[in-house]
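Please read them with the structure open beside you.

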Amino acid sequence: TTSLTTSLAAPLEGAAEAAVHRSLVASMPAAVDATLRSAVGPAAEEALRSAFASTLIPGYEMATKTMFGQVHAAFVGGTEAMVQGFGQQVASSLAPLSSVEPRLAKLISDAQNSIRAAAAAATAARAATRAAAAFVDPAS
């Protein structure tokens, strides 16, 4: 039995050591993780929250403010340029129209004079026709 004990002791010892090692390797990360989470977790969360509040958020706010300022300036500049260009186009379109107005006024005046002259001529023609009819037929 001694030789059996001696011959089994070495392999059993190795197997037991390997089983304990596997058990520790499997359970050690979970135990270390749980220990670190409970010990370091709250402090790490608070440090992260503090760093976020004091560094990242103000930097983000400033970058965002700068970006929106640039977008606003580009929009205002573009809008002003477009309105100015549109105003120049309208002014250049209206320039020829300003010279048309006196010409139209003269044409209207000439047309009115022609209509008056035609009306006067028609009245004179009717009067002449009546006079001629009265000359031809004195009874009428």
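1. Val 40 is partly exposed, its relative accessible area being 43%, and this residue lies in helix 1, which covers residues 2–136. Please keep in mind throughout that the model is a predicted one.

2. Together with Met 28, Val 32 and Leu 36, Val 40 forms a nonpolar patch on the surface, and the accessible area of these four residues together is about 330 Å².

3. As to the overall fold, the chain has one helix and zero strands. Its radius of gyration is 55 Å, whereas a compact globule of 140 residues would have a value near 14 Å, and the C-alpha atoms fill a box of roughly 180 × 40 × 25 Å along the principal axes.

4. Buried residues account for 1% of the 140 residues in the chain. The chain exposes about 11,600 Å², of which carbon and sulfur atoms supply 71%.

5. On the charges, I count 9 positive and 10 negative side chains, with the centres of the two sets 26 Å apart, and the structure holds two salt bridges.

6. Glu 46 is partly exposed at 45% relative accessible area, while Arg 49 is exposed at 52%.

7. Asp 110 forms a salt bridge with Lys 106, with 3.3 Å between the closest N and O atoms, and the two residues are separated by about one helical turn because they lie four residues apart in helix 1. Asp 110 is partly exposed, at 33% relative accessible area, whereas Lys 106 is exposed, at 52%.

Notes
Residues numbered from 1 in each chain as written. Predicted model: local features only at pLDDT ≥ 70, side-chain atom pairs only at ≥ 80, totals over all residues. Heavy atoms only, no water. Patch = residues over 30% accessible without salt bridge, like charges linked within 9 Å, V, L, I, M, F, W, Y side chains within 5 Å. Areas by Shrake-Rupley, 256 points an atom, 1.4 Å probe, with all protein chains shown as cover. Salt bridge = Lys/Arg side-chain N within 4 Å of Asp/Glu carboxyl O. Buried < 20%, exposed > 50% of the residue type's maximum accessible area, 1.4 Å probe, protein only. Rg over C-alpha atoms; globule rule 2.2 N^0.38 Å. Lys, Arg positive; Asp, Glu negative; His and termini not counted. Charge placed at Lys NZ, Arg CZ, Asp CG, Glu CD.
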